Every structure is written in C-alpha cells, then in structure tokens.
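Here's a quick tour of one predicted model, with a stop at a loop residue, a strand and a cavity. Have the structure open as you read.

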Amino acid sequence: MYTWKRCIITDLAVVLQDTLLVCNESDWQVELVSSKTGKVLSLLKLEGQPWRVCLVGRDRAAVTLPDIQEVQLIKIKGNKLAKDKVLKVSDDVRGIITSGDNLVVTYHKQPWLEVITTDGKVLHQFHSTGETQHFRLPDFITTSPDGTLWVPDCKNNTITKMDAGLNILQTFTSPLLEDQRGITAVTEDEILVCCRWNNSLVLLQPSTNTMSTLLGKDDGIEDPYSLTYCPQERKIFVAPILTASIKVFKFS
C-alpha cells in the first residue's frame, strides 16, 4: 500500500510495469508514481480538477476536467509529464477511455456518451430519454482487449456492454452492484468493478452472466473508488476516494 499526505485520488492508470499515472483532484494535478515504491516521480498542474484518466498510445494520456468542460492531453516522456493539446467537449465530461484511434467519454447528462477523435471531432453520440432512458449516471468506462466498451451506472446499479459505435449489446445487473464506480477489464470475460457501499471488488464474467465478490472488506477493501490492472505482473491497484492511498492485490 502507498500513502500520500494530501491527495484525493479520482482515477489511475498503468503507464508501464513500474509506473502509474494518478489523478490528484485535491491538488488539481496528475502525478507519475512508482508502483514499486509509491514515490512521486513527476507531477503536472492542470487548469481544472482531474477526474478520469486513460492512456493514448504509449507516450500520451488523456484526463477529463469536468469543471471546465475539457479533456487535457498529456505527453509522457521518461519520467516527465508535459501538457499537450486541449479538447473542448460537451458539458460535464466524466469518464474516458481509448477505443481504437479515438476516445470515448461519458457525461452525467445527455449526450451520455460520445466517441471523439484526438482532435475533438464528435463521431458518435448516445442519447436516451423518457421511457427509453438507459443511463442515469455513467461515470467510469473501460474497454476489454477485444474493443468492447463497459459502462457502470452508479444510479441504475448496472453495467452496460457496448460496441465501438455506442450500440448497446447487453446489460448486466446483480444485488452485488451497489454504487459501483471504477471498472477495468482483465480479459474479455473478466471485468472488475469497484462497489463502494459493499466495500468490495466484483468480478463480472459475461460468458456465464455471473457476478461474484472477488475481494471484500476482510481483504482490506474499503470504500473502493477507482482501480487499474497491470497485465505484466497481474496486479490490481485500488484507490479509495477519501483515503490518500493505493492498495495492491495479486490477481490469480
């Protein structure tokens, strides 16, 4: 476990086997952190509060800044972070993930999702209203290795499977889903999600339409908010929202 004196972690991503990129919302910055020692290697101040982060290739990342309705692209060179271009987006952008050469972002109101290019051009949007409204609060988003999108909704207590064109493929629900937030895909059939109220990490296996508790409070999971997965070391990094720490678990 790694602990900071002052930090509200809203998201994190594996950059390399030994480094993480962490959103520190309280200090309006992103931090490059050693996953071996917990030491901050580099930090970058931003114009807004960082919310979600994803990698864009090997040497760039994208961070959502909902308070100023922007996505900030960041260059990663060695252990140094630098600002790249800024994308203006619709309203209160939240989640973000790469999909092929594009980005997929989520919002807390319509349009619920957009596919945009790294130049900010909108390619696809997902709307739903009235009786057909599918989302209430999509916050995080991830992709599995086959390019499928996975979107948890912390108000509907659902996880939605979508294709790259934002078409709904399937919706999953379970009593285990309780205020779910961070989500990451280990494989196409192993999707992990943070469930805050249950103090647990839930494993969704789409092929059998089943969900089970992978880790719980007895394992040290408490108020989990965001997580990421390192395939090289098969490790899960979990960050509670109000505790300036990252906990590390082996995925077996």
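Let's start with Asp179, which sits in the loop between strand 17 (168-173) and strand 18 (180-187); strands here are DSSP runs of E of at least two residues, numbered from the N terminus. Numbering starts from 1 along each chain as its sequence is written. Since this is a predicted model, local features need pLDDT of at least 70 and side-chain atom pairs count only at pLDDT 80 or more, while totals for chains, interfaces and linings use all residues; side-chain values use heavy atoms, with hydrogens and water left out.

Is Asp179 buried or exposed? Asp179 counts as buried because its relative accessibility is 7%, where buried means under 20% relative accessible area, exposed over 50% and partly exposed in between (1.4 Å probe, protein chains only). Setting aside neighbours within four places in sequence, Asp179 touches Cys154, Asn157, Cys194, Cys195, Arg196 and Trp197, a contact being heavy atoms within 4.5 Å.

The side chain of Asp179 makes polar contacts with Arg181 and Trp197. Such a contact is a pair of N or O atoms within 3.5 Å; within protein, one must be able to donate a hydrogen and the other to accept it, and residues adjacent in sequence count only if both atoms are side-chain atoms.

| Side-chain pair | Polar contact |
|---|---|
| Asp179 and Arg181 | 3.1 Å |
| Asp179 and Trp197 | 3.4 Å |

Next up is strand 11 (residues 102-107). Five of its six residues are buried, so strand 11 is largely enclosed by the rest of the structure. Strand 11 runs antiparallel to strand 10 (residues 93-99), with five bridges joining them; two strands pair if DSSP finds at least two bridges between them. The hairpin of strand 10 and strand 11 has two residues between the strands, and Gly100 there takes a positive phi near 65°. Strand 11 also pairs with strand 12 (residues 113-116), again antiparallel, over four bridges, and that hairpin has five residues between its strands. Val104 in strand 11 stands opposite Ile97, and Val104 also stands opposite Val115 in strand 12.

Last, the cavity. Its lining consists of Gly220, Ile221, Glu222, Val238, Pro240, Lys247 and Phe249, where a cavity is a set of points on a 1 Å grid over the protein atoms alone where a 1.4 Å probe fits but cannot get out, and lining residues have an atom within 4 Å of a point. Strand 23 (235-240) and strand 24 (245-250) each supply at least two residues of that lining.

Notes: 1 Å grid on protein atoms, 1.4 Å probe; cavity = no way out; pocket = protein on both sides within 12 Å on 5 of 7 lines; lining within 4 Å.
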